Each structure stands twice: as C-alpha cells, then as structure tokens.
Amino acid sequence: MTTSENRFVHVDSSKCLGCRSCEIACGLSHQDLDLFSAALHGHKLEPRIVVKHSEQGPITVQCRHCEDAPCVQVCPVNALYHQAGMVTLSEETCIGCRLCSKACPFGAIRVRVKSQLEGGKAVNKAKALKCDLCISRIGAVSEEACACIQSCPVKAMKLITAAEYQHKIC
Amino acid sequence: MNKNQSCEPCANEMLTLARTNKFETVWDRYEQQLPQCGFGLLGVCCRLCWKGPCRVNPVGDGPDQGVCGADVHTIVARNLIRGIAAGTAAHSDHGRHIAKTLLEMSEGHAPDYIIKDQEKLHGIAARLNISLDGKEHNQLLREIALKSLEDFSRQDEKIPCAWLESTIPEVRLAKLTALGVAPHNIDASIADIMARTHVGTDADPANLLLAGLRGSLADYTGMYLATELSDALFGTPEPVVTSANLGVIKANCVNIAVNGHNPLLSEFVCDMAAELNDEAIQAGADGGINVVGVCCTGNEVLMRRGIPLATNYLSQELPILTGALDAIVVDVQCIMPSLGKLSECFHTKLITTMSSCKIPGATHIEFQTQTAKESSREIIRLAIAAYKRRDHDKVNIPQHSSTVIGGFSAEAVVGALSKLDANDPLKPLLDNIVNGNIQGVALFAGCNTPKVPQDQAYLTIAKELAKRNVLLLATGCGAGAFAKAGMMTMEATEEFAGDSLKAVLRAIGEAAGLNGPLPLVLHMGSCVDNTRAVSLAVALANKIGVDLDQLPVVASAPECMSEKALAIGTWAVSLGFPTHLGVIPQVMGSSVVVDVLTEKTKDLTGGYFIVETDPQAAAQKIYTAIQERRQLLGI
C-alpha cells in the first residue's frame, strides 16, 4: 500500500484575528447556502472549523488529518479511513456513535444529529462532521478550493503537508 | 472584463489602461476586500462600547446576545439608525451651509453672491409664511435664512420643522405627527439617535426604528431647504442640452473637474473659469478652460449651467487616468480618498476646499463665502499651472460622450406641462396617469457600488419600466448613469418608451418647442435634489386630494451605497413610497428589522422597502407595486 503524507489547513495563530469568517464560509459552502437567506430564514450553519479563544489569542480548531489518526482506529464501522492524502469520512457508513469525537485529541469532530419521522416514529440520523478539505464540494483538494482559506481576511491559513509544517516551525 | 466592473465603454477603456499601468482603482480595492466580513454584511457587529466588539451569530449556535445583553434585533436596529443619522448629518450640513450663506449675504458678509432667482425666493417666502410687504431685500433674505435655520435649532418638540410641514400634504403630516416621527429640529433628531443608541439606552428595535424614521425625515427637511435655497441663489434649473461621459474632457483645454456635492463653490469655479479663460489660452491651451462635472457637484452645475458631466461616483478616479485632467476640485461627500494617491501619479492637482474634508496628497484652499471669487481664481490658476506640467504623451481620452437633455426641476416640468394647459399644468400629467398612458412614476436615486456592474442595474430596470409606460425621473448618480448612457435624449424615448408613454412625452416635448419628445429619463438634479421629485408628487396628491402612499409613484436605488442613500430611502418609505434597493442592506441579521422595513411600515406609513438584487426581477416588482396602487385608486 502506498502512503502519501496527509495535507491539512494550518493557521498561523499570530495572524488570526478571531473574526470567524472561516466558520461562516465553511458552513455556507458545505450547506450550499447564501449568507442572507441563511440569516433571514434561520438556517444554522454547521462549520467544520471553529474559532476558539485561548490565552495566546484566537485559534482555529479543525481536523488535522493525522497520519496515525485515532478517529480512524476507533471507528467501529470503518466510516473513517485514509484516502488521497487526507482522513476521509463516509457519511453513508457513519452511525454517529461519537467514538471519533472522543478519540480526537483536538476536539475537531462534531456529530450532527437530525431528527426525522420515519414510518410515524421519530428517528435520529447522526453523522460525524469534520473538515474534508472541501473535496465534497469541489472534487479535488487545493488551497483555492478550501472555503476557509479563501475567506480569511488576513490570509492566516495555508494548506500544507506535515513536512512543510515541520519546516515552518523549525 | 471583470463582471463586476463597469458596463460602459469609456470606463472599460480606462480600466484597461489602469491594468496595463498598474493604477489601482476602486474595483481593485473591492476585490482585495473579498470576501467581506459576514457579520458586517448582516449588520450584527456592535462596536458601540469597549466591552465589545460583540457580534451575535444568527447563523450559528450563538452567542445570541452581546456582552450587555443586546440581542441581534437591538444591535441591527441601532447600527441602521446610526447610519441614517450620519446621512442626515451630511445632507443637512450641506443645507445649513447654504442657509448660512443667505444669512451672511443679508449681513453683507458674502459680497460675491447674488440672488439669481428672485421669483423662487418669493415663492420660498410664501411657503414659509414670510410676508414680502415693504421689506428690503436683505431683510427678506435674513428672515428666510433665520426661518430655515430655525429647523436646526427649534426646542419646542410640538412644532414640526417648517420645511417639512410646508412641503407635504396635510394628511401625511398628520400621520407622521401621530407616529411621533415628524422632526421639530434636524440636529436634535440626529442627536437623539446618537443618544438613544448609546450603551444602555434604547433596546427596543421598533422604538429605535421609529427614531430612524424621524431622523430620515430630518434628512428630507435638510435636503429640501438645501435645494430650494440653492435654486434661489444660483437659479432654478431649466432644460439644457449638454453631454456626458469621459469624452467631455478635451485635450486642448485646461480641464477642471468639480467633484462632491455643494454648489456654493463650484458655481464660482464656473464663473471664474470664464473670466480667466485667456490665461489658459496664453498657457498654451487653445481651447481655454473646460469645466467638467463628477458625481453630484457635477449634477448641480449640469442642471443650472449645462456643464458636461465626466462621470458619476464609482468611476471618479478615471478622469485622472485620461492624463488630461489638470485639476480636480472637491467639496464634500462621496469623494474617494484614493484621488490623493492617484493624482500624484499624474500632473493632476487635487484641491480640497472645505475645512471638514481634507485628503492626504491634496492641496487645500480653504473656501470662504466671504471670498468666493478670489478662492475660485486661485483654484483655477493652480489648474492652469498644472496644465503647463501636463505630459501630452500620457494623454488618453476616450472619445465617447452622449448628449444629455437635463435641467428638469419641478418648475421646469410644470413649465413644459403648462404649454399643454396653461391654466392647469398638472392636469395633462394627471389625466395621462388616470387613463393609463402613464402607468406610474419611478424615481431613480442613489449611488454606485462595485458590488454590481456600474450603472447596469439602472439601465436594465429603466428600460423595463419605460417599456411598460412608466415615467422615469432620476437624480444623483442614477442620473449620472442615464446621462452617460444616452438615456436622457429624445432618441432614447423613441427607442425605449412604450407607445403610450412615447405619445405623452412627444406631446409635451412638441408643445414645449423641443421639436421632439421629452427625454426618456428626466434629470432632476443631484442626490440632495430628490425633494424636487417629491414636490411634483405632492402637487399631484394635493390636486386630487389623496395622500402620497396612494399615488402610483415608486423610488428605486439599484446601486445604493452611502449613509445618505440610507436616509433618503428611509424618508421615501416614511412618506409612503414603495422603495426598491438593489443592494442588500446590512440588516439581514435581524428578522425583526427586516420585517419592519419590508412589511410593518406598510401599516405605519404606507411605504416599504423592496430588496431585489436582480434588475429584471426588480423591474417586475416595482411595476407590480405601481399596479397595486393603481388598483387601490380604481384606475
């Protein structure tokens, strides 16, 4: 089996203003909504990137596409797996059991629960929600395709590999 | 071409040049701002105190209130009415400046000014209940000025502003008074908005929005007096033929652009240009001095003097790129600070003239009403000196310009109609509205914005409405758009008007001796002149004894941008007009505010906002609003 190094969205926290534009862009693009109608009709966005406050300033949290990903290891239905240089989620397979959320050391996986009626009884449909590097909406991974990177007003984000990351911090 | 740039050829010719030479324009800077902040676009960011900034997240899991507990509706309403206050302050300061000039004239401190339209002055006196009997000219001026300035200083809240009370139907004034939104004092209305939006004061969105309506009507008041007093001072516009677009800049002339809004200075720039013409010729410009207009100062001098219009707001940088603009003289409002930097790339002299408007990179010549002529001479001599430094190899003037028939003040429209019926000039207009030859009236107002292709929405909506026999009026940068595109011509009437509208415009034009129809779009002036259109609507309403919200009259601001436009749009709604916005206002974060502005105001004032960004769909919605009014009137 060939292995390629995963890519992930790196945020330069010294640049991040905490404006949360990335959250909005992520939610809108994955849900195929426009901002004004989402606001007006009360559609809640479900961003896969979240801006958190830390003592050092704002930081973003999203899937780092770990090489030895705990979420992949714990998934009981193999809905999470490595493919094409990223940690991929199969929404059809996912049962929303939250094991991946628990296993993720960054808290980068949320589970979205939707109740719906099936045959007269309420059924919960749950799916994990994590950064997919926008492959689900564009079909390929690139910096230009990542909604969060494109939305950042201070250009604090980059799509990089672990090697590039290493180079950055050393 | 970038899809969001201009839709007209002169601008695109200059933008190609800008790209080649790496001159930055408003469109480049807009691109650099993208994507714009979602919280800002929704109006949900509150910066009113230093516990913040707070932003409510109406599309997420929270927070749903600011640190103080203000919810999204409070925050959006506060932000909105602060914008209205700023717009009102801008317009009304313009009005105050004109009124104070009248006062200075009466005291002998503004020797260069004269009253050019005595009849208008007397009409104003009558409107303000000032008797003419045996009064010296200066005494009359003084009384008119003081009565107008009283609209900025009255402390009795029960007495509405004189310029509001005397210009709208009684039934409308009664309605506004009952709502508590008839302002007694322009400045107080602005101060009230600032006070109630201070931290820990008004949190009720409906109460906040009512204060916004009052503020907008103060804006109306300030605008109305600005226009009327300017007419008395500089003359009431009459139909005039001129031209528009960048081709009005002449290679063999000293070209001086006047940009901004206030005619107090630009009138003298025009006068002194004529006086100093020989100095320009001696400097080598055999065509002499060529004054051209930009934005609304451009509209002011177009309307009164037939000065050609180079361009409207959004493309105000482009005249500099022709390399043949020797000076750009600015007063106040809608002047891009970028002119400073851009003019330094050329020989062009940017000259600021008002103490409240200085721009880095500009030469400042403080304009005083006491020395209007002298200041203007100094400005023109700076332009001539700049001309001597012009690099003629850099000159690149687009050759296109369109004919413009402008100058349609309310008086001019009534004057043209009086040729059909001297005893009852409004009757032909009214008859044609009633019989459906004219389905309704649409006033295009407002700005330009790089969020849409420049001018395109104006042109699309106007053509759609003209086809459906709607009479079209325009002011401000809307008027600029139509002027540049050749829509203020007889040919445009022939090409775009529906058959019955065309017949009416022909009949009026022929009777008025124009040897052809009235132009398709009537140029009613700068953006401060929107009240000219209201005065016509009020005359119609009074004639048939209805309120303004019953008339098939609509307003449209397809490319609105400024806080002044926000104030104008809000008073149009307050007066009862359906008012279209073609740019999504920064209020969408609050369903309550949106509901009030687009629905609830129907019950309060009869007016409401229509937000529609697609020009074709907007035209349909505007036409539907006209039809609804016609049905209610039973016509």
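Is B:Arg96 buried, partly exposed or exposed? Select B:Arg96 and see: it counts as partly exposed, at 22% relative accessibility (buried means under 20% relative accessible area, exposed over 50%, partly exposed in between, with a 1.4 Å probe and protein chains only).

Before moving on, some housekeeping. This is a predicted model, where local features need pLDDT of at least 70, side-chain atom pairs count only at pLDDT 80 or more, and totals for chains, interfaces and linings use all residues. Residues are numbered from 1 along each chain as its sequence is written, chains are lettered from A and ligands numbered from 1 in the order written, and side-chain values use heavy atoms, leaving out hydrogens and water.

B:Arg96 makes a salt bridge with B:Asp93, their closest N and O atoms 3.2 Å apart (that is, a side-chain nitrogen of Lys or Arg within 4 Å of a carboxyl oxygen of Asp or Glu). Both sit in helix 4 (residues 72–106) of chain B, three residues apart, about one turn; helices are DSSP runs of H or I, at least four residues, numbered from the N terminus.

Next, jump to helix 19 (residues 456–467) of chain B, where B:Glu464 and B:Lys467 are three residues apart, about one helical turn. They form a salt bridge too, with closest N and O atoms 3.2 Å apart. B:Glu464 is buried, at 13%.

Then pick B:Glu612 and B:Lys621, whose salt bridge spans 2.7 Å, N to O. Here B:Glu612 is buried at 14%, while B:Lys621 is partly exposed at 37%.

Last stop: a network of salt bridges whose members include B:Lys120, B:Glu228 and B:Arg304.

How values were computed:
Helices (H or I, at least four residues) and strands (E, at least two) are DSSP runs, numbered from the N terminus.
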